Amino acid sequence: MSPLSHSILQDRPEAGRRLVELLQNYAHRSDVILLALPRGGVPVAYEVAMALGLCLDLMLVRKLGVPSRPEYAMGAIASGGVLIRNEEALRFHPISKAEFDTVVARESQELLRREQVYRGSRAPLELKDQVVILIDDGLATGASMKAAIQAVRVQAPSRIVVAVPVAPVETAEALRREVDELVCPLYPDWFTSIGHWYVDFSQTSDREVIDLLQRAWQHEASASQR
């Protein structure tokens, strides 16, 4: 691992193209599935899916933000009832069980809403014995990705890979022990936030997520008919 402090990502599509270079070994393989963490992970994963000819789907995860600092994860939830607690965050920001449960309930509702809006009637892909590559637009505490990893692992994939454009070294090293491979082109010497390492880190909309997924799924359907 060679930390880089000088590299800046233009936007999420460019971040995806950075990952393409590092994921060539998985190109055009029928046993590989890309799972994007919405919303910001979808534009990143879309670039990878299109360039490498891979199936794209979603791993629905919601960060559980500390009430006084919503951007700071005290845990995360994922599809299938997975819940991860960030014990370090909870030591620094003690909150009551009632407050924690309130955040979980709110984020669970949002997770369900996104599941219905993004996927509609489309069933999730079968992950058993597949190589699963989890993609987001970056890592901070890693809580959301840990929840995603746990949600994937219970489905018995053959291999779990995490691919992100930028991450702090400490978070990456902790996650590396939980997966088969971690791919990341940018490890800043100092890390304040994911957005700091993007020129354009504007919020990804529901509409953009839906549009990219539909385009990826249409491309996949066309390719299967050739």
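Colleague: Which hand does the crossing of α1 and α2 have?
Modeller: A crossing is right-handed if the near helix is turned clockwise from the far one by less than a right angle, left-handed if anticlockwise. Here α1 and α2 cross right-handed. This is a predicted model, where local features need pLDDT of at least 70, side-chain atom pairs 80 or more, and totals for chains, interfaces and linings use all residues. Numbering starts from 1 along each chain as its sequence is written, and side-chain values use heavy atoms, without hydrogens or water.

Colleague: At what angle do α1 and α2 pack?
Modeller: Axes are lines fitted to C-alpha atoms over the stretch in contact, with angles from 0 to 180 degrees between N-to-C directions. Helices are DSSP runs of H or I, at least four residues; strands are E, at least two; both are numbered from the N terminus. Helix α1 (residues 12-22) meets helix α2 (residues 41-52) at about 45°, axes 7 Å apart.

Colleague: Which residues make the contact?
Modeller: Contact means heavy atoms within 4.5 Å. From α1 come R12, P13, A15, G16, R17, L19 and V20. From α2 come P43, V44, E47, V48, A51 and L52.

Colleague: Is N86 buried or exposed?
Modeller: Buried means under 20% relative accessible area, exposed over 50%, partly exposed in between (1.4 Å probe, protein chains only). N86 has 16%, so N86 is buried. N86 lies in the loop between β5 (82-85) and α3 (87-92). Beyond four places in sequence, N86 contacts A73, M74, G75 and T141.

Colleague: Where is V179?
Modeller: V179 is in the loop between α6 (169-176) and β8 (181-183). At 11% relative accessibility, V179 is buried. Residues up to four places away aside, V179 touches I149, R153, I160 and V162.
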